[in-house]
Amino acid sequence: MGDVMGHGVEAAVAMSRYRAMLRVVAADGLPPHAMLERLDELITRSGTDRPATCLLVLADPENGECLYTSAGHLPPAVLAADGKVGLFPVPVGPPLGTGFGGYETVTGCCTPGRTLLLYTDGLVEHREQDVDEWLGRLTRQRLPSDGSLEDQLAVLLAGLVPGGTAEDDVAVMAARLAP
């Protein structure tokens, strides 16, 4: 999940370029933190003035693990079997395109039936309110743990984007390993 800083056509073009760069880097089979290191180098060398955040998650269903690494992105949320939403702590490195590097991969449990939620800051950031307050609202959500991914997303968006209108772009991805 990624998010380019800024709005409009220029931001959309930058995001498209960054996605293409990530596809090339991912094809090399590097671990997640090394992918972000390489992507940071490429974006920095491209001379862009649009940094981006990114959260990479690599699922290993056979071992029941996920590898997480973050470049300035908000933490992933995990929906437990009881419908509670929790945040998974991932060390946050600098945004991509800054040239600072320094990303770290952490391992977390990735069990069948749990839903992983990745999202952009537009879901939880609102003017004149602290992002931690909105992350708290995210973790207070109760989602249908046995529902479809579409149902879970509908409940989540209804609870966090009242009236369907957000101040910033909102992207949310839900993924679940099948038993």
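## Exercises on a predicted model

Let us start with a helix: at 1.5 Å a residue, the twelve residues of helix α4 (residues 149-160) should span 16 Å, and the end C-alpha atoms of α4 are 16 Å apart, which agrees. The expected span is 1.5 Å times one less than the number of residues. Helices (H or I, at least four residues) and strands (E, at least two) are DSSP runs, numbered from the N terminus.

Some notes before you go on. This is a predicted model, in which local features need pLDDT of at least 70, side-chain atom pairs count only at pLDDT 80 or more, and totals for chains, interfaces and linings use all residues. Residues are numbered from 1 along each chain as its sequence is written, and side-chain values use heavy atoms, with hydrogens and water left out.

**Exercise 1. Find which residues of α4 are buried, and say how they are placed around the axis.**

Step 1. Apply the cut-offs: buried means under 20% relative accessible area, exposed over 50%, and partly exposed in between (1.4 Å probe, protein chains only).

Step 2. Gln 152, Leu 153, Leu 156 and Leu 160 come out as buried in α4. Down the axis of α4, these buried residues fall within an arc of 95°, so they line one face of the helix. The arc is that of the directions from the helix axis to the C-beta atoms.

Step 3. Turn to the other side of α4, where Glu 150 and Ala 158 are exposed.

Step 4. Look for the packing partners: the buried residues of α4 pack against β4 (77-79), β8 (115-119), α3 (131-139) and β9 (172-176).

**Exercise 2. Repeat the analysis for helix α2 (residues 32-45).**

Step 1. The buried residues of α2 are Pro 32, Met 35, Leu 36, Leu 39, Asp 40, Leu 42 and Ile 43. Their arc around the axis is only 165°, which puts them on the same side of α2.

Step 2. Among the elements covering these buried residues are α1 (8-26), β2 and β3.

Step 3. After α2 comes Gly 47, with a positive phi near 80°.

**Exercise 3. Identify the residues with the most contacts inside the largest nonpolar core.**

Step 1. Such a core is a set of buried Ala, Val, Leu, Ile, Met, Phe, Trp, Tyr and Cys residues joined through side-chain atoms within 4.5 Å.

Step 2. The largest has 18 residues, and Val 4, Tyr 18, Leu 36, Ile 43, Cys 54, Ala 71 and Leu 96 have the most contacts inside it. The element giving the most to this core is α1, with six residues.

Key:
Contact means heavy atoms within 4.5 Å.
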